[in-house]
Amino acid sequence: MNDLTLEIIDLSLSFKGLMETTKVLHDVSLTIGQKEKVALVGESGSGKSVTARLVLGLLQAQSKTRVSGTINFEGKDLAWMTARERSQLRGTRMSMIFQDPVSALNPVYRIENQFHEVLKRKRPTISFDDARVESMAILGDVNITEPERVLKSFPFQLSGGMNQRVMIAMGLINEPTLLIADEPGTALDVTVQDQTLRLMHDMVEERGTSVFFISHNLGVVREFSDRLYVIYQGRIVEEGKTEDVFANPKHPYTRALLAAVPSITSGDTISDAINDTSAFLAPREVH
Amino acid sequence: MTAPLLAINQLAKTFHLESYQIHAVRDFTVDIWQGECLAIVGESGSGKSTVANMILGVYPPTSGQISFKGEPLGARRTKSQRRALQLVQQNPFSSINPSRRIGATLKLPLNVHDIGTKGERMARVEELLGEVGLPADYAARAPSTLSGGQCQRVAIARALASQPEMVVLDEPTSALDVLVQARVLILLNELRKKRDLTYVFITHDLAVVRNMADRVAVMKDGQLVELKPTHEIFDNPEHDYTRRLISASPVITEEERDMRNRLREGLAMEAVQ
C-alpha cells in the first residue's frame, strides 16, 4: 500500500491506423505524491497530452487505441473501474485545466451556469443559488474583483486572463486531489501568464492539491514544479527534482531543450548543438 | 548622414466603433535603419500589430506619416513598394493557402512581381526552399503534410521570394516549440546577414528579443514608452512597464533568476514609496 496520488507503471499506448499501428507511448512510468507538483516536459507530439488524457480515462474507451500498463489513482487501478466509476472521478477527485480557456469554456452558457454544472458533479442536488454563493467565494480567491459581473457574463465577454482564472476556480471548486494542467497560460501574454501561474501555485499550496503539469515551456516548469519528467518521442528520458535537472541536465535531449531557450541575460546564446538529434534516444537518466 | 530606410513620424490610428473610439496607436515615431533588427514589444492590445499593419499598408494611418527611403508611403502602394516590404505571420497554418502546393505558393510572388523568366521560376522556387533549409521536392507537397516549423520556413521563403528590403515578422515563433523556435531564429539571423535585410520583429517574448534585436521599442496602450539599444534596455530598463515585462518572462538559469529578482525588488520598492 502506498499513499501516492498518481502512479503510472509501464504505460504504453498505440493508435491503430488503416495499415499499421503507431506506438506513441513506450513504457512510461511516473509518480505523483500527495501535495506534489510534477511536470511533464516535451515538445509537441512527444506524448505528453495523451498521457494526461489516459489519466483522465478519456482515451481507453476509443476503439482505435491499444493501452497496456497500469494507472493507479489513489491506490486504485483505473483499468479495473467501470466507465461510470471513471466518469465519476472526473471533475470531483481529479480535474483538468486546458491550454486555451476561451475554447474550453462553453460559449453559450453564462459562467454561473457552468459553475453550477461543475458543482453538481460532486453534489447532484445543489441548488443554483447555493452554487452561486460558492462560486462567488472561489472567484474571490482567484483575485476576481467583481464576481457578480463575471458570473453573469459569457466567456467571450471576458479577457483571456479572466477566463483562465475562471478555469482555475472551476478546476479547484470541488477540491480535487489531483489537478491536471495542460499547458495553462500558453495562449496568454507573458505578464498575464506569470500572474495566473503564481495564482495557481498559491491556490494549490493552500489546498494541498497534487498537480500534474504539462508544458513545453521550461521556464514556466522551473517556476512551478517540484519534480519533473522529460519526455521525448513517447519515452521518459530524464527525471529528477526540478533544481537538480536544471543545474545538471544529464540527457542530451534535456541539454538541447535547455540550449534552445533564448536567454534573457545575454544575446547570441542559441547554440548549434540542438541540431544533433542522434543522441536524443539515449537511455533514461535519473537524478 | 544617410536617411533611414523607414521613417515613421507621429503615427496614429483610431478605430471607430458604434458608440466609442479606440486609440490603437498614438504619436508613434521611430526611424528604422538599413540592416537593423528593430523589435516592437508589448502586451496584446498595446498596438504593436496595428503599427505593423500600417507599415505594410493593410490600412492607412489616421494621422502621421511613414516614408520608405525618403518617399512617403501613400494609402495605395506602388508595386515596387509592395515588393520591398514583406510579412511573416504568427500562425503558419492559417497564413499559407492550404489548397495550393508549396511550389505554387512560392511561385506566386515571382509571377506577380515578374521576377526572372517563366522558365527560370521553378528553379528559383527550389533555390528558395534550399535557402530556408527544406528539400527541393517539398515544392510538390501540400501544406497539410508539413509540420509547424516547416510551414513557418515556407512562409519565410515566400516573404523572401520577392527580394524584399524589409521584412515585418509578426510573432513568427510564438506558435512553435522551443527547439523548433531556436532553429527558425537561427535561420532568420543567417538570412538577415546574407541578404542584408531589415527586420521589424513584433513579439511579446523578451528572451527572443534579446537574441535577435539591435534596438527595442516598448509599447503600452498604443504609445511608445521606451526605445533603446537592446543591451541597454535589459541592463537598465527605465520605464516601470519595461521592468514588469522583463520580470514576467519565465527564467531558466540562476543568472536570469537574479536579474528578475532584482527587477521585482525594484518594482516593489517603488510601489511602497
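## First stop: a strand in chain A

Select residues 178-182 of chain A, strand S7, together with strand S8: the two run parallel and are joined by five bridges. Strands pair here if DSSP finds at least two bridges between them, and the elements are DSSP runs numbered from the N terminus, helices being H or I with at least four residues and strands E with at least two. Within this pair, A:Ile180 sits opposite A:Phe212 of S8(A).

Before going on, some housekeeping: this is a predicted model, where local features need pLDDT of at least 70 and side-chain atom pairs count only at pLDDT 80 or more, while totals for chains, interfaces and linings use all residues. Residues are numbered from 1 along each chain as its sequence is written, and chains are lettered from A and ligands numbered from 1 in the order in which they are written.

"Buried" takes 20 or more other C-beta atoms within 10 Å of a residue's own, "exposed" 12 or fewer, and "partly exposed" is in between, with C-beta atoms placed from the backbone. Since six of the six residues in S8(A) (210-215) are buried, the strand is largely enclosed by the rest of the structure.

Which residues of H5(A) are buried? Colour A:Ala131, A:Ser135 and A:Leu139. They cover an arc of only 70° around the axis, so they lie on the same side of H5(A); the arc is that of the directions from the helix axis to the C-beta atoms. They pack against helices H4 (111-122), H6 (147-152) and H7 (160-172) of chain A. After the helix comes A:Asn143, with a positive phi near 60°.

## Where the chains meet

Bring in both chains: 31 residues of chain B are in contact with 28 of chain A, contact meaning C-beta atoms, placed from the backbone, within 7 Å. H7(B) gives the most to chain B's side, with seven residues.

## Over to the sheet in chain B

Six strands of chain B make an open sheet with mixed pairing, in the order S6-S7-S8-S3-S9-S10. The edges are S6 (85-88) and S10 (223-229), each pairing on one side only. Inside the sheet, S3 (residues 37-41) and S9 (residues 215-220) run parallel, with four bridges between them; B:Ala39 has B:Val216 as its bridge partner.

## Last stop: a loop proline

Finish on B:Pro237, in the loop between H9 and H10 of chain B. Buried or exposed? B:Pro237 counts as buried, because 21 C-beta neighbours lie inside 10 Å. Leaving out residues up to four places away in sequence, B:Pro237 touches B:Thr242, B:Arg243 and B:Ile246.

Note on methods:
Contact = placed C-beta atoms within 7 Å.
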